[in-house]
Structures are given as structure tokens and as C-alpha cells.
Amino acid sequence: MKGLMIKDLMCLRKQMILFAYIVTGVLVLSIMFVLSARFGNIADANQSMMAENNISEIDINNISTITLICFMLTPIAMVGDVTTLFKMDGKAGFSNISSILPLSVGKRVMAKYLTIFMMFGIGVAVDIVISFVLSKLTDIISFADFFGIIISAASLMIIYGALVILFCFLFGYGKEDYAILASCAVILITVILANIKKITLIFTSVRAGNSDSIDFISDFMNFIIHKSFILLALAVIVVAASYFVSVEIVKRKRGMV
């Protein structure tokens with residue numbers, strides 16, 4: 001199984017080099033943003049918006065936090081392209097070789113999961129380091145809140161990755177793009193169904209011209225910051241279910257790993 005993981009890591013070597021460049025860029029841009037939000041042009045723009053558009057300081061902090069979240073998501077999202085491994089295996093015809101390996105289907109599938117989620121772990125570790133640096137430079141958000149955001153973002157990406165792996169095994173080689181679309185569709189439909197009442201409230205409030213949608217944004221921020229453990233628990237359940245279903249799919253289809 002160790003050899004399979006090394007093989008998968010070699011397939012991701014170009015992606016890892018690009019990951020290093022992106023991490024450097026995210027760190028530099030994030031530092032520039034928080035410094036500007038505290039001392040520079042962004043700080044001046046925030047003061048102008050509060051004075052001219054009747055925007056509260058809480059709204060400004062929410063906007064700044066969402067911007068930082070986008071920065072923090074980048075390293076994790078960069079390692080989220082799990083289809084690369086399947087595309088490389090398909091082009092190389094690796095399934096013709098893997099069938100003779102003295103490893104059970106469960107261990108071969110497990111190697112894929114361990115490699116992919118090890119990459120997610122690297123992304124999370126890098127994000128934690130960046131968030132620690134940023135928390136020392138800004139009072140917009142604390143390190144504890146940063147950590148909650150990272151766990152929430154990582155949990156969502158892990159759920160996405162687990163679903164992509166499952167659909168890649170289900171659809172077979174050459175249909176990785178369909179696996180991505182199917183995974184995004186499952187997540188989107190689940191989120192909509194879980195928040196159908198709040199989404200309806202937003203549309204109603206927009207038509208009525210009130211600001212209930214702002215409360216929704218605040219609720220969303222509070223959830224991903226302070227209730228990240230819920231998403232983490234859900235991610236663990238999805239990964240476990242995805243693994244066992246993937247093993248059964250590979251046993252039935254054969255010639256996948």
C-alpha cells in the first residue's frame with residue numbers, strides 16, 4: 001500500500017510544485033490585505049462606506065472575514081483536485097497492473113483515500129500556519145475563529161473529495177469531469193434542502209426590501225466559525241460511507257485499482 005501511495009504522490013508532483021507557489025502568493029496577499037485593512041486604503045474605504053452608506057462596523061468585519069476566508073480556502077482547494085490521480089491511472093493503464101498486486105481491493109482503495117486526504121492535511125496545516133501569522137497582524141478575526149473557519153472549509157473539501165472519489169469509481173476512467181459535476185450537484189442539493197426555509201426567507205426579504213438577508217450572513221459566519229465540529233463529524237461520516245461504497249463498486253466492476 002505504501003508503494004501505491006508513493007506512485008500517487010509522484011502523479012501529483014506538478015500539482016505540489018504549483019501548491020508551493022500558491023501558498024506563497026496567498027501568504028503575501030493576505031498580509032497585504034490585513035495591513036491595508038488596518039492602516040491603508042482598505043481601512044479608508046471602510047470608513048467611507050460606514051459614513052456614506054450607513055454600513056455598520058459588524059458588516060464591514062463580515063465582509064473582511066469573508067475575503068480572508070476566500071484567501072484561506074485557496075491552499076485547501078488547490079489540493080482538492082482528486083481527479084488527477086484517476087486521469088493519470090487511466091492514461092497509464094494502471095488497472096492492468098494493479099490486478100496482479102498482492103493487495104486486497106480494500107487496501108488498494110484505501111491507498112487512494114490516504115493519499116488524497118494526506119494532501120488535504122497538508123493544506124490544513126499550511127492554512128493554520130498562515131492564520132497564525134495573520135492573527136498577529138489584524139484584530140478583524142482571532143486565531144480561534146480562523147481555526148474554526150479552516151476546519152469548516154477543510155470538512156467541506158473532504159466531503160467533496162470523498163464524493164468525487166466515489167463517483168470516479170462509479171463512472172470509470174475518462175469520466176472524471178462527470179464525477180466532479182455529480183459531487184457538486186449532491187452538495188448543492190443537500191445544502192439547499194437543509195436551508196430551504198432560510199433561502200425562502202432571503203427571497204421574501206429581498207422582495208419586501210428589508211435586511212433579513214444580513215442576519216442570514218451573520219448566522220452563516222457564526223456557524224462556520226463556532227460550529228465547525230458539526231461539519232467535521234459529517235465529513236467523517238461521508239468519508240467512511242464513501243470508502244465502503246467505493247470498495248463494493250470496485251469489487252463489482254473490477255479493473256479500477
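The structure is a predicted model, in which local features need pLDDT of at least 70 and side-chain atom pairs count only at pLDDT 80 or more, while totals for chains, interfaces and linings use all residues. Residues are numbered from 1 along each chain as its sequence is written, and side-chain values use heavy atoms, with hydrogens and water left out.

**Overall composition**

- The protein chain has twelve helices and zero strands; helices (H or I, at least four residues) and strands (E, at least two) are DSSP runs, numbered from the N terminus.
- Of the 257 residues in the chain, 41% are buried; buried means under 20% relative accessible area, exposed over 50%, and partly exposed in between, with a 1.4 Å probe and protein chains only.

- Helix α2 covers residues 13-39, and its 27 residues should span 39 Å at 1.5 Å a residue, which agrees with the 39 Å between its end C-alpha atoms. The expected span is 1.5 Å times one less than the number of residues.
- The buried residues of α2 include Phe19, Val23, Val26 and Phe33.
- Helix α12, with 26 residues, reaches 36 Å from its first C-alpha to its last, close to the expected 38 Å.
- Among the buried residues of α12 are Leu231, Val238, Tyr243 and Val250.

**The largest nonpolar core**

- This core has 59 residues, of which Ile76, Val109, Phe117, Phe120 and Ile165 touch the most other members. A nonpolar core is a set of buried Ala, Val, Leu, Ile, Met, Phe, Trp, Tyr and Cys residues joined through side-chain atoms within 4.5 Å.
- The helices that each supply at least two residues include α2, α4 (57-78), α7 (105-135) and α12.
- Helix α8 gives the most to this core, with 17 residues.

**The largest pocket**

- The largest pocket is lined by 22 residues, and Val191, Ala194, Asn195, Phe223 and Leu231 lie nearest its centre. On a 1 Å grid over the protein atoms alone, a pocket is an open set of points where a 1.4 Å probe fits, with protein on both sides within 12 Å along at least five of seven lines; lining residues have an atom within 4 Å of a point.
- Helices α8 (143-171), α9 (176-194), α10 (196-208), α11 (212-226) and α12 (228-253) give two or more residues to this lining.

**Cysteines**

- The structure holds zero disulfides; a disulfide is a pair of cysteine sulfur atoms within 2.5 Å.
- Cys168 is buried, with a relative accessible area of 1%, whereas Cys184 is partly exposed, at 39%.
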